[in-house]
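Work through the exercises below with the sequence and the model at hand. Each task is followed by a solution in steps.

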Amino acid sequence: MSNYHIKHLEEYYQVFRKSVRNPENFWEEIAEEHFIWRKRWDKVLSWDFSKPEIKWYEGAQLNITENCIDRHLRTRGDKTAILFEPNDPSEEAEHITYKQLYERVNQFANVLKDQGIKKGDRVCIYLPMIPELAIATLACARIGAIHSVVFAGFSSTALSTRINDSECKIVITSDGSYRGSKTIDLKSIVDEGLEETPSIETVLVAKRINSEINMKEGRDKWLQPLLDKASTECEPEIMDAEDPLFILYTSGSTGKPKGMVHTTAGYMVYTAFTFKNAFQYRENDVYWCTADIGWITGHSYIVYGPLANGATSVMFEGVPNYPDWGRFWEIIEKHKVSQFYTAPTAIRALAKENLDYVEKYDLSSLKVLGSVGEPINDEAWHWYDTNIGKKKCPIIDTWWQTETGGIMISPIPYATPTKPTYATLPFPGIQPALMDENGKEIKGNQVDGRLCIKFPWPSMARTIWNNHDRYRETYFSAYKGKYFTGDGALRDEVGYYRITGRVDDVIIVSGHNLGTAPIEDAINEHPAVAESAIVGFPHDIKGNALYGYVILKETGEGRDQNNLRKEINQIITEHIGPIAKLDKIQFTSGLPKTRSGKIMRRILRKIASNDTSNLGDTSTLLNPEVVQEIMDNVL
Ligand code: WT7
């Protein structure tokens, strides 16, 4: 990849043009560098977006952990691979070297094998941000098992839905977790979730908080004693390029969460390539991404991308405000972090606090600042640039998705001049297109439209687990022959992209992708609720917050509204998790609907956002009178 460590703008354009002119040649050259291939590919790419079928590096054989770990042992055996920073700052940080990572991943892999896990089996990982999470993930990859990491902030219902969808055989969890000053009983959430998951045979439990927990005879096993007995050698399972590496669930605008399937070779090549170029990683840098490994950002840019480059990747267990709002900056000073990657919602929360929290610490080690998850607003961008980067660190606003596997549109530090709120230019190999409402591509600059990608890239998700039709429908049917992202974007006069936000019923709250349908389904479970509709409205810190319009059944009408609001949020917490709670709940007698019965969310969105000057065309409404009622009672 040294050929493609892009260092200035002309070089970017050169590489980009090459990647478009001859994509196969381009991706072949990248794959040829550094990686260990057990067998070379026969064909770099075959694709058909109408099926859709996408194959990269067909015929190749490899194991991704061999590339992320074994390959570095000779030159970087004693280098820190994972730098674990615990929730409590008085607990010592743990430096896991590449050599130790090798041993611990192999031990874990052997434990999984002993539990009967084989290539292709699905393994659910429901762990807090402790080293076992990264190690378990890699251990699955070592033996060819497909990991399905479920973010440990999700509820028991969300966990069991995901386990059942992909029929996982085993769950890896912990007794509990630390989160700032709180502890969370993770194991009891698992116990509840496992009441209806017939495929689960075993639960492996890591010890983190040393709490008294219930261990189910025959099902639950403590992890550590098994690891202690396991060998530190485990031959990597040799995988085909297109064998699934993992499933990761993401919300859709309708229906249950989608199990996005990522495969081995293309994902590895693309995350390694983008990590190196987006962060300009150099050998002795310490890189820190604050995401949780339960999201794609953590998969690609805490685990696989950094490790494929032999990097030191910080893994932080805690939260930005514990013990106080200086924690992030303290960690940057303490570990001399060079690249820092976080979300706009965190930046906005931190920017609200006193600057003393920042100024107490020496942030001079920083070289690159990253942002991901949602559009970064102008104010947050400048605060980040001025106070954290001291105007010396390029800000990379990286646009991508669970489905894309890796960063798609982003400045390349020191090559691409940045522009506040712009994700700027596509990565080499990425061919964006803006589409109009009639399905035509909008050419030229200073235009806006719906963002599609015209050509395959190596780390794109290949399917939705068990539902290829839904994969085609969701991503490849809106615009023929193109991958549709669900986002709107504009292209400025020099060709820079700015992502303007979702154009479907997905709402990004604090950088988390939430579909309206599952939340509405949860609310409708409340015995007093007849119907509901969720929309997003702008929020200072979260970017968007959720606004619910709820129609009560007759039985609910005499009830105390504040109690009802609490109960509704309680149900949401149980079904999805606290991240999906509603900030505002308005009770109403009806919802604006079209004659075909579709809720006009556009109107509800405008009312919730206090933007009622122009509600647009309401003539197709079945019940226009309800709009006035809702406006009169808006919260
Ligand atoms: C959606 C994908 C990619 C990891 C985290 C989110 C929004 C993401 C940006 C950005 C504007 C962004 C989009 C996208 N998004 N990054 N830099 N600027 N919007 O992954 O949960 O799959 O969500 O997040 O709307 O479609 P995800």
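**Exercise 1. The ligand shell**

Solution. The structure is a predicted model, in which local features need pLDDT of at least 70, side-chain atom pairs count only at pLDDT 80 or more, and totals for chains, interfaces and linings use all residues. Residues are numbered from 1 along each chain as its sequence is written, and side-chain values use heavy atoms, with hydrogens and water left out.

Step 1. Assign the shell to elements, where helices (H or I, at least four residues) and strands (E, at least two) are DSSP runs numbered from the N terminus.

Step 2. List polar contacts, that is, pairs of N or O atoms within 3.5 Å. The side chain of Asp 397 places an N or O atom 2.7 Å from a nitrogen atom of the ligand. For Thr 402, the distance from a side-chain N or O atom to a ligand oxygen atom is 2.6 Å. Asn 513 has a polar side-chain atom 3.2 Å from an oxygen atom of the ligand.

Step 3. Compute the cover, using Shrake-Rupley accessible areas with a 1.4 Å probe. The ligand taken alone exposes 550 Å², of which the protein buries 96%.

**Exercise 2. A salt bridge**

Which parts does the pair Asp 70 and Arg 142 tie together?

Solution. Step 1. Apply the criterion: a side-chain nitrogen of Lys or Arg within 4 Å of a carboxyl oxygen of Asp or Glu. The structure holds 36 such salt bridges, including the one between Asp 70 and Arg 142, at 2.9 Å from N to O.

Step 1. Locate both partners. Asp 70 is in the loop between α3 (64-68) and α4 (73-76) and Arg 142 is in helix α6 (residues 131-143), so the bridge connects parts 72 residues apart in sequence.

**Exercise 3. Backbone exceptions**

Where are the cis peptide bonds that join Lys 51 to Pro 52 and Tyr 322 to Pro 323?

Solution. Step 1. Recall the background: most residues other than glycine have a negative phi, and most peptide bonds are trans.

Step 1. The bond between Lys 51 and Pro 52 has an omega of about -20°, and Pro 52 sits in the loop between β1 (43-48) and β2 (53-58).

Step 2. Between Tyr 322 and Pro 323, omega is about -5°; Pro 323 belongs to the loop between β17 (312-316) and α12 (327-335).

How values were computed:
Polar contact = N/O pair within 3.5 Å; in protein donor to acceptor, adjacent residues only side chain to side chain.
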